[in-house]
Amino acid sequence: MNICKAKNYQDMSRKAANIISAQVIMKPHCVLGLATGSSPIGTYKQLIEWYNKGDLDFARVMSINLDEYKGLSPENPQSYRYFMNTNLFDHVNIDKTRTFVPNGLEPDPEKACAAYEEIIRQSIDLQLLGLGRNGHIGFNEPADSFARETHCVNLTESTIDANKRFFESENDVPRQAYTMGIGSIMKARKILVVVSGEDKADALKATICGPITPQVPASILQLHNDVTIVADEAAMSKL
Ligand code: F6R
């Protein structure tokens with residue numbers, strides 16, 4: 001694992017955006033695996049800035065997102081499709097028909113997951129990840145085993161608690177989500193993890209130094225041969 005220390009959130013975002021731009025410049029038709037949440041927002045802002053300066057071209061890029069809440073439509077401001085549109089896709093020249101997010105409106109988990117598995121047969125060149133406070137990646141929550149493929153998960157109390165800030169009340173947070181599996185994440189050629197804030201310090205320590213266990217889903221990243229973690233000082237405070 002390549003651990004890259006950043007001073008703060010802004011520095012982390014710039015460093016992560018540098019890695020993503022290098023990927024897009026070196027392979028303009030690359031497949032990017034993307035994440036939502038607070039961690040990558042600064043990275044997306046930086047990419048948009050460089051796009052506006054004419055330094056980046058997303059015309060041939062394809063993107064595949066990690067996850068989506070079950071039951072939320074793309075128009076719902078809390079959905080991950082909406083997040084991606086407003087935080088990145090609407091501001092760059094990516095072809096939206098080549099951006100993929102699981103279909104939150106598909107009520108049948110089997111159908112939703114099978115359809116997404118078809119899409120992620122594409123090999124991902126660079127997968128961007130955030131880290132959950134409980135060590136989750138995508139919505140792969142701590143469990144007894146690592147889930148290989150796209151599946152429907154019941155969100156844990158810790159995740160519901162962490163994500164309630166985006167909703168009017170905790171009751172509005174969906175209890176289920178569709179997520180890419182750990183196996184699909186591990187198949188990406190390169191993985192980039194952005195981690196910021198003291199509330200991630202325990203999870204980051206367990207990810208890097210702890211045993212590889214499905215109780216800390218991100219710990220599996222120790223087995224991948226091209227992982228870069230960009231973390232700020234607060235997130236690294238327990239290392
Ligand atoms: C989002 C995702 C999640 C988040 C994680 C951290 O697509 O898959 O794993 O990356 O919950 O969220 P933030 O960045 O909001 O702390």
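Q: At what distance from an oxygen atom of the ligand does a polar side-chain atom of Ser-39 lie?

A: The distance is 2.5 Å. A polar contact is a pair of N or O atoms within 3.5 Å; within protein, one must be able to donate a hydrogen and the other to accept it, and residues adjacent in sequence count only if both atoms are side-chain atoms. This is a predicted model, where local features need pLDDT of at least 70, side-chain atom pairs count only at pLDDT 80 or more, and totals for chains, interfaces and linings use all residues. Residues are numbered from 1 along each chain as its sequence is written, and side-chain values use heavy atoms, without hydrogens and water.

Q: What describes a pair of aromatic rings?

A: The distance of the centres and the angle of the planes. Rings of Phe, Tyr and Trp (its six-membered ring) pair with centres within 6.5 Å; planes under 30 degrees apart are stacked, over 60 edge-to-face, the rest tilted. The whole structure has five such pairs. Tyr-69 and Tyr-80 are tilted, at 4.8 Å and 45°.

Q: Is Tyr-69 buried or exposed?

A: Tyr-69 is buried, at 1% relative accessibility; buried means under 20%, exposed over 50%, partly exposed in between (1.4 Å probe, protein chains only). Tyr-80 is buried at 10%. The rings of Tyr-69 and Phe-139 are also tilted, with centres 5.7 Å apart and planes at 45°. Tyr-69, Tyr-80, Phe-139 and Phe-167 make up one aromatic cluster.
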